[in-house]
Amino acid sequence: MSEEFADAFGDEEEQSPAGEHSQAEPEPELVYSNAVEFFADLLAQSYVREVNEGAASAWCSEWYKHPEALIRMEAIWRAWEHLRLEPALGVSTWWLNHADPHMRILMDKEGPFKKCAYDGHKTPAPGKTALPHKTPEAGIFD
């Protein structure tokens, strides 16, 4: 995953207040080492449909170069790694609450791949990669 998004997922080791590692159960081993591997091996194979050039859905084969797509795919992958371990409803919960909503947004004709849908990947224009933002006045959130 891109380093710019690493903090959004809290990848740093959690430590107890005394600075020692907690004695919780060990984390389950991941099936996939990253979101790109997860996408190529599992998710892409699960979404079999026409995209681009007149289709109802848009996609970019270089999706990982789009910040929105990368962070959404990271979220989809991490949710899958967690929910795959839930025996009863984990996979269904993952589809309904994670994969389908994110993929619906990613594949929308007006979504992040709008410019890529007909001629292949288009790098977003400089200055057009993020929503406009102004820093709020001091004290507004105190």
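Reader: Trp95 first. Buried, partly exposed or exposed?
Author: Partly exposed. This is a predicted model, and in it Trp95 has a relative accessible area of 26%. That falls between the 20% and 50% cut-offs.
Reader: And Trp94, buried or exposed?
Author: Buried. Trp94 has 1% relative accessibility, so it falls under the 20% limit.
Reader: How many aromatic pairs are there in the whole structure?
Author: Ten, from a search of the whole structure. Among them is Trp63 with Tyr64, edge-to-face, at 5.7 Å centre to centre and 75° between the planes.
Reader: What about Trp94 and Trp95, which geometry?
Author: Edge-to-face. The centres are 4.7 Å apart, with 65° between the planes.
Reader: Back to Trp63. Buried or exposed?
Author: Buried, at 2% relative accessibility. Tyr64 is partly exposed, at 36%.
Reader: Which residues form the aromatic cluster?
Author: Tyr32, Phe38, Tyr47, Trp80, Trp94 and Trp95 form one cluster.
Reader: New topic: Leu83. Where does it lie?
Author: In helix 3, which covers residues 67-83. Leu83 counts as buried because its relative accessibility is 11%, under the 20% limit.
Reader: What is Leu83 in contact with, sequence neighbours within four places aside?
Author: Gly90, Val91, Thr93, Trp94 and His98.
Reader: What separates the C-alpha atoms of Leu83 and Trp95?
Author: 9.9 Å. The two residues are twelve apart along the chain.

Technical notes: Residues are numbered from 1 along each chain as its sequence is written. This is a predicted model: local features need pLDDT of at least 70, side-chain atom pairs count only at pLDDT 80 or more; totals for chains, interfaces and linings use all residues. Side-chain values use heavy atoms; hydrogens and water are left out. Helices (H or I, at least four residues) and strands (E, at least two) are DSSP runs, numbered from the N terminus. Buried means under 20% relative accessible area, exposed over 50%, partly exposed in between (1.4 Å probe, protein chains only). Contact means heavy atoms within 4.5 Å. Rings of Phe, Tyr and Trp (its six-membered ring) pair if their centres lie within 6.5 Å; planes under 30 degrees apart count as stacked, over 60 as edge-to-face and the rest as tilted.
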